[in-house]
Amino acid sequence: MNQEVLDKLTRLAQLALAPEEARHALADLRAIVDLIDEMQTVDTEGVAPLAHPLDMEQPLRADRVTEQPARERYQAGAPLTRDGLYLVPKVVE
Amino acid sequence: MAHAANIAALRHGLDAGEYSARELTQDALGRIDATNPLLNCFITITAEQALADADAADARIAAGNAGPLTGIPIAHKDLFCTADAPTTCGSRMLAEYMPPYDATVVARLRTAGAVSLGKTNMDEFAMGASNETSWFGPARNPWRPQHTPGGSSGGAASAVAAGLVPLATGTDTGGSIRQPAAFCGVTGLKPTYGRVSRYGMVAFASSLDQGGAFGRSVEDVEWLLQAMEGHDPQDSTSAERPATTRAAAAGMTLGLPREYWDGLDAGMAQCLQAATRELEAGGCTVRDISLPHTAAAVPAYYVIASAEASANLARYDGVRFGHRADAPKSLDDLYRRSRGEGFGAEVKRRILTGTYVLSVGYYDAYYLKAQRVRRLIRQDFVDAFGAVDAVVAPVTPSVAFELGTVQDPVAMCRQDVFTTPASLAGVPAMSVPCGFCDGLPTGLQLIAPHFEEGRLLALGAAFQRRTDWHLRQPSA
Amino acid sequence: MDWESVVGLEVHIQLATRSKIFSGAGAAFGAEPNTQACGVDLGLPGTLPVLNREALRMALTFGLAIEAEIASECRFDRKNYFYPDLPKGYQISQFEAPVVQGGTIVISAGEAEQRIGITRAHLEEDAGKSLHEDYAGMTGIDLNRAGTPLLEVVSEPDLRSAAQAAAFFRELRALARYLRISDGNLNEGSMRCDANVSVRRRGATALGERTEVKNLNSFRFIERAIRHEIARQIDVLEGGGQVARETRLYDAERDETRPMRGKELSDDYRYFPDPDLLPVRITEALLAEARAEVPELPRAKRRRYQEALGLSAAEAWQLAEEPGMAAYFEAVADAAPPRRAAHWMMDQVAAALNRSGLDIAACPVPAAQLAQLLQRIEDGVVSGKIAATIFEALWNEGGDVDAIIAERGLRQLSDADALTGIVAQVVAAHPAQAQQFRNGKAKLLGFFVGQVMQATAGKADPKQANALLLKALRNP
């Protein structure tokens with residue numbers, strides 16, 4: 001964990017750190033890496049990863065339209081909309 | 001005093017017309033008004049809606065079609081979506097957010113006629129063990145207000161302990177119900193993963209989050225669980241299981257894991273020993289067992305919870321809901337500043353950690369490793385439950401600490417050392433009050449196999465028949 | 001220098017389900033912006049995905065049709081990246097365990113048939129649309145498409161030319177339409193294609209550095225863009241340069257590819273299993289249901305048309321491409337000579353459909369009527385020319401072929417005596433032309449046939465008229 005990695009992480013996670021947070025971030029993350037590294041001593045040879053605590057299978061939904069248009073309700077608290085569209089700063093492809 | 005009564009008594013009082021739901025609600029709202037400025041356990045108080053709901057409950061009671069919780073005051077942790085009240089998740093990001101729908105838990109309790117008084121304080125996005133990461137300031141412990149009520153469901157535990165509401169919903173990802181219940185001297189149940197619908201519960205870590213219940217006694221918690229639980233087709237991880245019914249406690253064999261004595265305060269250890277003697281006196285056998293991978297639970301939990309959180313919290317981008325930075329210069333600027341301003345330091349640490357453990361080059365060493373450890377931890381419990389009916393353990397290494405005294409984020413994570421194993425395994429666990437250390441409550445943790453909440457209720461109720469820790473109340 | 005190009009395609013096929021892949025919102029094209037995006041599609045806090053059974057069934061039908069391996073279990077992962085049309089900040093896709101692995105699609109691009117390997121096909125959710133028209137200097141986001149089920153089909157790098165790539169895409173589209181898993185409507189973006197393109201010296205075995213060309217959404221663009229990209233890479237290499245591994249966007253207006261901006265961060269997608277979804281078990285029942293939806297496929301149909309019905313390769317291709325066209329053709333060919341049926345389908349029927357802008361499904365002439373009409377030509381009851389007018393009547397007014405022939409007196413004059421008389425009259429009326437014919441101007445026979453037709457209002461059997469005229473002209 002170094003500044004370069006931290007910079008990559010803040011870019012991937014799209015997070016601006018406040019100056020105060022930025023000062024602590026590297027030390028904090030190093031301490032966290034030390035913490036999570038504590039599990040490295042566990043012998044997991046031949047142990048399959050467990051993604052989910054339950055032995056269940058995915059239920060399947062019938063292909064039916066159950067939702068009615070409710071744009072006004074969904075956009076009532078939206079930060080910025082126009083003509084039913086959400087607006088963001090110009091995207092260049 | 002209605003507010004000190006248990007749910008059975010309240011039910012009787014309402015049905016017998018000793019008091020109305022409106023009177024109960026007004027009484028509770030009055031105490032909230034008086035106490036909340038000190039305890040800060042509510043982020044939102046929905047007085048007007050509560051009184052309307054109480055009137056509807058009174059009408060139902062009068063018509064003779066009241067359900068078990070009709071007219072009973074409750075409070076929701078502020079991450080259950082409510083269509084009639086803001087749902088902030090303790091975050092600036094959602095400080096103004098009004099969901100367009102009710103969470104399944106909220107809808108079920110609404111249908112049951114329970115009267116919600118408001119939304120309780122919590123650590124931001126349920127990340128924290130002290131309530132101090134809340135954008136709205138920490139809730140406080142009614143036993144000693146300069147101390148933490150625990151977290152993340154600190155407001156709920158505090159409100160129940162202070163007698164503001166008899167029941168409250170909460171969620172537990174790595175201990176967020178059990179630890180505040182222990183710190184505040186109330187009963188808190190984290191059901192089996194899949195027992196209670198997650199639909200409408202703002203996600204922290206999807207494979208760990210589980211809704212649950214706070215009450216002043218095991219019996220009260222049982223009333224709330226029965227109204228919350230059950231299959232929900234809108235949650236793919238919701239289990240189809242018969243409703244919880246209480247098992248018989250007498251004759252159960254209980255396992256006391258030797259790894260759970262590590263780092264336990266001396267006073268806490270004494271409480272735990274005394275509690276096991278009570279259980280033995282109630283007809284249970286207690287034996288020493290081993291859950292060998294316990295020490296790896298906190299690191300594995302931290303990896304998995306952070307990884308899931310890093311994706312779950314990506315939707316807060318300032319576009320469709322939530323906080324949006326002023327005058328963004330570009331799309332990246334919109335994202336970075338909206339998220340940078342909307343999230344607090346702890347949430348950011350978890351997002352960055354989660355991003356790290358999932359990124360190229362680290363995925364196998366951290367994320368997959370943690371999942372392998374998770375399997376070992378679950379297997380620990382499966383093996384243990386081959387020999388014992390339930391596990392007894394401490395909930396926390398120490399009693400509630402003073403606000404502001406645990407500054408180190410890693411030290412804060414270690415608060416979860418005894419609660420994260422059950423979370424990773426997905427098994428149900430409950431905290432019941434079992435004594436006091438330095439004048440602050442301590443909790444006894446009971447852990448059962450998947451979907452055997454009935455054993456926890458039986459053991460907890462048996463324990464509470466023999467002890468009166470749960471009846472103690474903080475002085476006004 | 002002799003170069004060989006190596007191309008692999010990734011084709012996104014929108015599945016024709018009624019509702020979205022993980023929500024109950026409608027999936028129809030062309031609704032008002034954001035009216036078909038429900039809470040799940042918008043990524044509202046607390047919402048959860050539940051898998052659409054029909055989307056899964058369609059993916060399985062596709063897998064069975066290309067003779068792929070279908071594992072007993074598949075899984076969904078999260079692909080993490082920020083983009084305004086991706087509401088949750090991650091796309092639910094399949095990375096580790098896709099529903100379909102392996103399989104083959106056989107193409108024929110002018111030359112002999114060629115087997116193109118399919119690496120995998122996986123289910124995922126579509127993103128919304130960014131509308132770059134100016135909204136006060138901003139980009140508008142429409143999330144109606146978000147959550148529409150996609151089947152992403154990834155080919156092996158088995159394609160060796162732009163033409164082959166286009167043929168592959170064409171074959172895939174025909175297949176999707178046959179399987180009724182997609183409408184294959186390219187204008188509405190129901191099939192979208194990205195191409196991985198590299199070149200190497202002929203005879204080399206290692207692959208050259210590749211580029212990914214995006215946004216290829218029509219047969220023409222695929223061929224042009226890939227041809228352009230191959231040429232560009234050869235230019236770069238022959239100029240002593242190196243091909244950079246990058247994503248390029250095809251600009252149809254300028255007919256060129258250019259590097260895409262803003263993609264430098266998306267190289268680390270941090271895939272991990274979606275904890276909101278459980279492993280999907282592919283049961284025998286589901287497979288049986290999927291298998292029942294696999295009809296005779298285009299390639300088998302084309303072969304049958306050629307071998308059993310005597311059609312040319314081009315005719316077989318044209319008639320088998322659209323399942324509706326093929327079904328109609330087969331119904332006609334069942335009761336009439338197949339080759340005549342084929343010619344009529346591609347000629348009169350296609351032209352009439354084209355003129356009226358109708359789809360074959362809406363063809364006003366029932367297949368049985370067309371078959372009857374063609375049989376009447378075969379029987380010598382009407383000529384081809386008369387049949388065309390009957391077809392027009394059937395198209396415009398409906399009715400029965402035999403009834404129309406009878407009512408309008410369109411029966412061919414095949415009575416030899418009557419026709420012999422008319423022929424004699426025609427020859428007698430044009431002595432000069434008759435003399436010229438006898439002097440060797442053979443093409444004047446056409447003139448006489450025309451005269452006979454005129455005299456019989458087109459009802460003469462042209463073959464018979466020919467024979468009688470020859471006889472009359474040669475033996476005056």
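Is B:Asp333 buried or exposed? With a relative accessibility of 14%, B:Asp333 counts as buried, where buried means under 20% relative accessible area, exposed over 50% and partly exposed in between, for a 1.4 Å probe and protein chains only.

Before going on, note that this is a predicted model, in which local features need pLDDT of at least 70 and side-chain atom pairs count only at pLDDT 80 or more, while totals for chains, interfaces and linings use all residues. Residues are numbered from 1 along each chain as its sequence is written, chains are lettered from A and ligands numbered from 1 in the order in which they are written, and side-chain values use heavy atoms, with hydrogens and water left out.

**Stop 1**

Helices (H or I, at least four residues) and strands (E, at least two) are DSSP runs, numbered from the N terminus. B:Arg337 is partly exposed, at 24% relative accessibility.

Next, select B:Glu453 and B:Arg195, whose side chains meet in a salt bridge at 2.9 Å, N to O. B:Glu453 sits in helix α15 (residues 453–466) of chain B and B:Arg195 in the loop between β5 (187–190) and β6 (210–215) of chain B, so this pair ties together parts 258 residues apart in sequence. Both B:Glu453 and B:Arg195 are buried.

For a set that spans two chains, select B:Arg198, B:Asp235, C:Arg78, C:Asp274 and C:Asp276, which are joined into one network by salt bridges that share partners. Over all chains, the count comes to 66 salt bridges.

**Stop 2: A:Gln58**

Move to A:Gln58, in the loop between α2 (19–37) and β1 (60–61) of chain A. A:Gln58 is buried, at 6% relative accessibility. Its side chain makes a polar contact with the side chain of B:Ser236 at 2.9 Å. A polar contact is a pair of N or O atoms within 3.5 Å; within protein, one must be able to donate a hydrogen and the other to accept it, and residues adjacent in sequence count only if both atoms are side-chain atoms. A polar atom of the A:Gln58 side chain also lies 2.8 Å from the backbone nitrogen of C:Leu278.

**Stop 3: the largest cavity**

The largest cavity has a volume of about 130 Å³. A cavity is a set of points, on a 1 Å grid over the protein atoms alone, where a 1.4 Å probe fits but cannot get out, and lining residues have an atom within 4 Å of a point. The volume is the space filled by probe spheres set on the points, with grid points joined across faces, edges and corners. Of its 15 lining residues, select the closest to the centre: B:Asp53, B:His76, B:Asp84, B:Arg110 and B:Ser116.

B:Arg110 is partly exposed, with a relative accessible area of 32%.

Technical notes. 1 Å grid on protein atoms, 1.4 Å probe; cavity = no way out; pocket = protein on both sides within 12 Å on 5 of 7 lines; lining within 4 Å. Salt bridge = Lys/Arg side-chain N within 4 Å of Asp/Glu carboxyl O.
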